Amino acid sequence: MNRFDKVSNYYNKFMNRFSLYKEKEVGELLTIKNIDSLLDIGAGTCHYSNYLSKDIKHIMAIDNSVNMLKYADDLVSTKEVDVYNGIPFEDEIYDAVIMCDFIHHLKKGNHQRLINEVSRVLKKNGEFVIYDFEKTHFKTKILYLFELFIFFQKMDYISVKDLIKILENNNFEITKQVIDDYTYVIKGVKK
Ligand SMILES: C[S@@+](CC[C@H](N)C(=O)[O-])C[C@H]1O[C@@H](n2cnc3c(N)ncnc32)[C@H](O)[C@@H]1O
């Protein structure tokens, strides 16, 4: 059983209690009118997919926790996927990809490979929005200890600076960055 399977019943309550969801900020960075298909990676309880499904027709939410995915609304498609095995979809089929509160869950050294996979499944000019926590901020260090206690896993947070480098090396142009206290939301467009 995945660690998130065990906390799925409490997850949304926890996230709302600490105001950790940023659906408006993520939504605002996407050019919704141009997006017909979106892939949500590490979608969890599908909070972002559910929110965006009022405006985007085809949403696919992937995660390796089936218990988390069961909170998807009817309009959202879901698939159990472990991203360490790649993204099981064809090349250039999505208009947009989002990864919220997810990238730091990847084991060290896997960021580059996953971002390369995202680039593969995105169409040209496709949009990629990432929301995560700034590695160098002291609040993120507290979050690190909390997640270590809850999940017995050392998370690999990444700084905006390093993330931008990886994105640029993978053919993305950074078009927006919203940095707020210890969180960031950034948008890359596939060239
Ligand atoms: C902190 S949660 C974020 C969920 C959602 N994006 C949100 O913001 O509410 C991280 C999610 O990543 C998923 N996850 C972790 N490792 C994964 C992997 N290797 N493949 C797919 N999903 C994974 C977990 O199951 C969990 O649902």
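**View 1. Surroundings of the ligand.** In this predicted model, 19 residues surround the ligand, the closest being Phe4, Gly42, Gly44, Asn64 and Ser65; a residue is near a molecule or strand if its C-beta atom, placed from the backbone, lies within 6 Å of it. The shell comprises eight nonpolar, eight polar and three charged residues. Here Ala, Val, Leu, Ile, Met, Phe, Trp, Tyr, Cys and Pro count as nonpolar, Asp, Glu, Lys and Arg as charged, and the others, Gly among them, as polar. Residue numbers start from 1 along each chain as its sequence is written. As the model is predicted, local features need pLDDT of at least 70 and side-chain atom pairs count only at pLDDT 80 or more, whereas totals for chains, interfaces and linings use all residues.

View 2. Seven strands form an open sheet of mixed pairing, in the order 3-2-1-4-5-7-6. Strands (E, at least two residues) and helices (H or I, at least four) are DSSP runs numbered from the N terminus, and two strands pair if DSSP finds at least two bridges between them. At the edges stand strand 3 (76-80) and strand 6 (172-180), each of which pairs on one side only. From one strand to the next, the twist averages 15 degrees; axes are lines fitted to C-alpha atoms, for helices over the stretch in contact, and angles run from 0 to 180 degrees between N-to-C directions.

**View 3. Strands 6 and 7 with two helices.** Eight bridges join strand 6 and strand 7 (residues 183-190) in the antiparallel sense. Lys176 stands opposite Lys187 in strand 7. Helix 5 (residues 111-121) packs on the sheet, and its direction makes about 145 degrees with that of strand 5. Helix 7 (residues 160-169) also packs on the sheet, touching strand 5, strand 6 and strand 7; two residues are in contact if their C-beta atoms, placed from the backbone, lie within 7 Å.

**View 4. The buried residues of helix 5.** Leu114, Ile115, Val118, Ser119 and Val121 of helix 5 are buried. A residue is buried if 20 or more other C-beta atoms, placed from the backbone, lie within 10 Å of its own. The partners of these buried residues include strand 1, strand 4 and helix 7.

**View 5. Leu52 and its contacts.** Leu52 lies in helix 3 (residues 47-52). This residue is buried, because 23 other C-beta atoms lie within 10 Å. Not counting residues up to four places away in sequence, Leu52 touches Gly27, Leu38 and Ile59.

Terms used
Buried ≥ 20, exposed ≤ 12 C-beta atoms within 10 Å, placed from the backbone.
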